[in-house]
Amino acid sequence: MIPPSIHNFLTTDLMPMLACVLAALCTGLLGNFLVLRRMSLMGDAISHAVLPGLVLAFILTGSRSTWPMLAGAGVSGLVTVALVSLVRRLGRLDTGTAMGVVFSILFALGVVMIERVARQVDLDAECVLYGAAETLFWLNAPDRWNQVLSADSLSGVPRQVTTLLVMAILAGAFVAVFFKELRLAAFDSALAASLGFRPGLVNAALMAMVAASTVAAFEAVGSILVIAMLVCPAATARLLTDRLRSQLLVSAIVAVASGILGYILGAFGPHWFGHDRSVSVTGMMTVVAGVLLFTAVIASPSHGIVARSLRRLAIAVTVAREDLLATLYRAEERRGAPGPADRALPGKTLGSLARRQAIKRGEVTPAPSAMPIPLALTDKGRDAARQIVRTHRLWEDYLVTNLGLRTDHVHDTAMRLEHLRDAAAARLAPHTAPTTDPHGSPIPPPSTQPSAQAIGHLIRTDRSRNLP
Amino acid sequence: MTPALTITASLSSPPSTFSWAELFRALTFQAGHNTALVVAGTALLGIAGGLVGTLALLRKRSLMGDAISHATLPGIGLAFLIATALGFQGRSVPILMLGGGITAILGVLAIQFLLRFTRLREDAAIAVILSTFFGLGVVIMTVVQSSSSGQQGGLRAYIFGQASAMSASDVWLMASLAVGAALIVALLFKELTLTCFDDEFARAAGWPVGLLDLAIMSLVVIVTLAGIQAVGLVLVIAMLIVPAAAARFWSERVVIVTLLAAALGGLSGYLGAIASSMLDRLPTGGVIVLSAGAIFVLSLVLAPRRGVLATVARRLRLRLSVALDHRVVALTAPTTGPITGSTTGSTTRAHAPIPFIDLLLRLRGLALPSVGSPALTDSGRARAARVAGARQEWEDFLSHQAGIPRSHAAVSADLVEHVLRKDGARP
């Protein structure tokens, strides 16, 4: 036996939740390619522009039955896509403007048509926006667990849910079968064209799928959820991964999670706070999707604001530590006499972080405070500092000899470049092997031990993470 | 379920039959106080929308208006809830507008935040903020509806607009907003257009580009708030985009485009409001946008230079001229000898025979009527010589200066021979 509370859930809540999750899943999957192709607002345009199609279908058939409505909406979805591309090319406008022009005029046309021709049509504006997910009941919800999949129970599943299930399977199959073509067309449509993949055709197919799933979804769950799910899960996934396959997977998970969480919060949440009416579940799913995206923006391990700030801080501390070592080395060279190349260390916080890091790595030890900087290099620190100063002076030599810069112009550039001591910098020493820099200071010999290339690695990681 | 998209636009007792006298009175603001108010208000809205929309268009931020208008919804709902809880009249327009304005600005800032700190592109950022804010608004609206059963009717109007309900104070508000927007645009015109066209340069020249951007977006927020009352959340987007996009076709000068956009926006507001006052059951907002849409389509087709007809005509003229070039060269070829294996080898589409080409040759005075192939006149021969000469020149240039073999030069020579002037070929 199924307990009454669960039976109640099966009857009233399972189908709306399923409809929302399926709608979120199929639009979420397709949305990945819209986001990559910078056409995220296509869902917005299509869902506004289906209005005249709905009214036209009503006028032609005189009924509000499902299939004419779906056909009308589907046709106007495709017409929207075609018109946007036509206006963009004929009028030489940017995509955003073309979309705005087309969908707002089509929406106005729908509004006027309703008022003039089909005033009696019971097209509920709010239903178009919010959907009517709450009205999807499972009429023959089973009493026993072993009846869940029986024909009798399944016959009571609302048609909207079956439609969405078919649509979600279609969308999944479309993405799986044409993955290669979609990926190529999204990332490099010129290459796709030259390889004979017809990116225009791929794009048209994608737009047709978007229009179809928009139409299939908005009847049950409303246009607002469709617009959100076309972009939010994909954008969230984009901030969490760098590979298209994992992006698709993550976006599907995010879409399903926002569907389930949003439903629970919208349908049951208000009761926890003592309200007796639930709030719009589709609106709540959109909010959940937005919150998930915001979380990813802040906390994504690769692209999140926190992680990026930490990476930059690590770079800054390493640079400051190396500057500290080089300053101490130069001071040793001059046997304590103050020199022109000495720089004030960076701000207090960064400076103390750098000092602590240097002490922890065993590169410096505390020294009598009579010195300008109360630290002394250890042997290990002196080795490291020698390599930094060597790179600095090699860079100076390179800039003067090969780039023809004046000797008094190279120090600041070399200050920045000295931190990059990887393979490229190792080739700086030309065959002449200079022994002094342009200012006459000796260039220390190369280290015999391979040095850790922390900073170049850090910078490269950060750069590659932030490629568009 | 509430009844269908009730965009009641029946203005002050709409006349059931059309009459020219009625139209004239409407056009001259004499068809009743209420109609005059609505016409004036929507025309002013159109003017403000055109002015501000041009800046948004040039900054390629047309769809920010989309996000902004959707982002007003949570603010409107929250303002209603808070005002009601504090014992004020929840439906007072200034309170709702203030709430909507606050969340709209928050939406703009959120979009800027996403653009600044993530790798999301503009379209994705706009779509994310639009849908999330609107979803939040929808949630708040369901709270509003469940908490106050009798009062929510006025809030519906914010999604679909209610021009007919415009009062004199609304028109004054609209007028001051339009004048204010015009003043700001006029005062900051140089800075704003500089930001639109070359923000890098503006930044390098020391202008606060971030602030100027924010100024443009605040203007969009103001126009949106003013327009929501009249034409609703969705159609106000059209007032910000369509007149500006239409004006863009007519000129390459930013001052003219801006003024024209204001004029076209005003015109569509004026015409739309009058049409909906003249004819029964025409929703004002929809008709205004359709008027703007008609103006857009006319501009798209008819505008000189950027219009579709002008472009088609230009291409046709070029194709004809190319065909004439080929024909005169073909007619002279047997007498002047082979032109380095080119005319025979070229297979471009332009070489497809064009019907009546010989007739055209005669009409242009390039050939005389004769039996068989036409005989070229002096000017026809001169034209053939010029084309062949230009071709020869180009092939010489490629083979001597660029080291490209003559056999490979034919492809580009096919294209260049029609536009290269003999005197301009050699430095």
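Where is the place of Arg61(B)? I found Arg61(B) in the loop between α2 (33-58) and α3 of chain B, and I note at the outset that the model I am reading is a predicted one.

**Entry on Arg61(B) and its partners.** I looked up the accessibility of Arg61(B) and noted that this residue counts as buried because its relative accessible area is 10%, under the 20% cut-off. Leaving out residues up to four places away in sequence, I listed Ala56(B), Glu122(B), Asp213(B) and Met217(B) as the residues that Arg61(B) touches. With one of these, Asp213(B), the side chain of Arg61(B) forms a salt bridge at 3.5 Å, taken from N to O. This pair links distant parts of the chain, since Asp213(B) belongs to helix α10 of chain B, whereas Arg61(B) sits in the loop between α2 and α3, 152 residues apart. I also recorded that both Arg61(B) and Asp213(B) are buried.

**Entry on the network.** Which residues are linked with Arg61(B) in a network of salt bridges? I wrote down Arg59(B), Glu122(B), Asp199(B) and Asp213(B) as the residues linked with Arg61(B) in this way. Is Asp199(B) buried or partly exposed? I noted Asp199(B) as partly exposed, because its relative accessibility is 23%, and Arg59(B) as buried, with a relative accessible area of 12%.

**Entry on other salt bridges.** A search over all chains gave me 21 salt bridges in the whole structure. Another of interest to me is that between the side chains of Arg383(B) and Asp325(B), at 2.7 Å from N to O. Arg383(B) lies in helix α15 (residues 378-401) and Asp325(B) in helix α13 of chain B, so this pair ties together parts that are 58 residues apart in sequence. I noted that Arg383(B) is buried, and that Asp325(B) is buried as well.

**Entry on the interface.** I then turned to the two chains together, and counted 65 residues of chain B in contact with 67 residues of chain A. The area buried between them is about 5,800 Å², with carbon and sulfur atoms giving 71% of that area. How many salt bridges does the rule find across this interface? The rule finds 1, and I identified Arg119(B) and Asp242(A) as a pair whose side chains meet in a salt bridge at 2.9 Å, N to O. For polar contact, the count between chain B and chain A is 10 residue pairs, with both residues at pLDDT 80 or more. On the side of chain B that touches chain A, the elements that give two or more residues include α3 (64-85), α4 (93-117) and α13 (308-336) of chain B. The largest share of that side comes from α5(B), with 18 residues, and by class the side has 40 nonpolar, 14 polar and 11 charged residues.

**Entry on the nonpolar cores.** I looked up the largest nonpolar core, which has 178 residues, and those with the most contacts inside it are Met42(A), Val221(A) and Phe296(B). The element that gives the most to this core is α10(B), with 24 residues. Leaving aside neighbours within four places in sequence, I found Phe296(B) in contact with residues of both chains, among them Val87(A), Leu93(A), Val242(B) and Phe249(B). A second, separate core has 13 residues, including Ile224(A) and Leu73(B).

**Entry on chain A.** For chain A I noted 20 helices and 2 strands, and, of its 468 residues, 51% that count as buried. Helix α8 (residues 179-187) of chain A has among its buried residues Phe179(A), Glu181(A) and Leu184(A), and the buried residues of α8(A) pack against elements that include α1 (4-36) and α12 (244-267) of chain A.

**Last entry.** I ended with Ser276(B), which I placed in helix α11 (residues 254-278) of chain B. Ser276(B) is buried, with a relative accessible area of 1%, and a polar atom of its side chain lies 3.2 Å from the backbone oxygen of Ala273(B).

Terms used: Residues are numbered from 1 along each chain as its sequence is written. Chains are lettered from A and ligands numbered from 1 in the order in which they are written. This is a predicted model: local features need pLDDT of at least 70, side-chain atom pairs count only at pLDDT 80 or more; totals for chains, interfaces and linings use all residues. Side-chain values use heavy atoms; hydrogens and water are left out. Contact means heavy atoms within 4.5 Å. Buried area is the accessible area (1.4 Å probe) that two parts lose on being put together, summed over both. A salt bridge is a side-chain nitrogen of Lys or Arg within 4 Å of a carboxyl oxygen of Asp or Glu. A polar contact is a pair of N or O atoms within 3.5 Å; within protein, one must be able to donate a hydrogen and the other to accept it, and residues adjacent in sequence count only if both atoms are side-chain atoms. Helices (H or I, at least four residues) and strands (E, at least two) are DSSP runs, numbered from the N terminus. Ala, Val, Leu, Ile, Met, Phe, Trp, Tyr, Cys and Pro count as nonpolar, Asp, Glu, Lys and Arg as charged, and the others, Gly among them, as polar. Buried means under 20% relative accessible area, exposed over 50%, partly exposed in between (1.4 Å probe, protein chains only). A nonpolar core is a set of buried Ala, Val, Leu, Ile, Met, Phe, Trp, Tyr and Cys residues joined through side-chain atoms within 4.5 Å.
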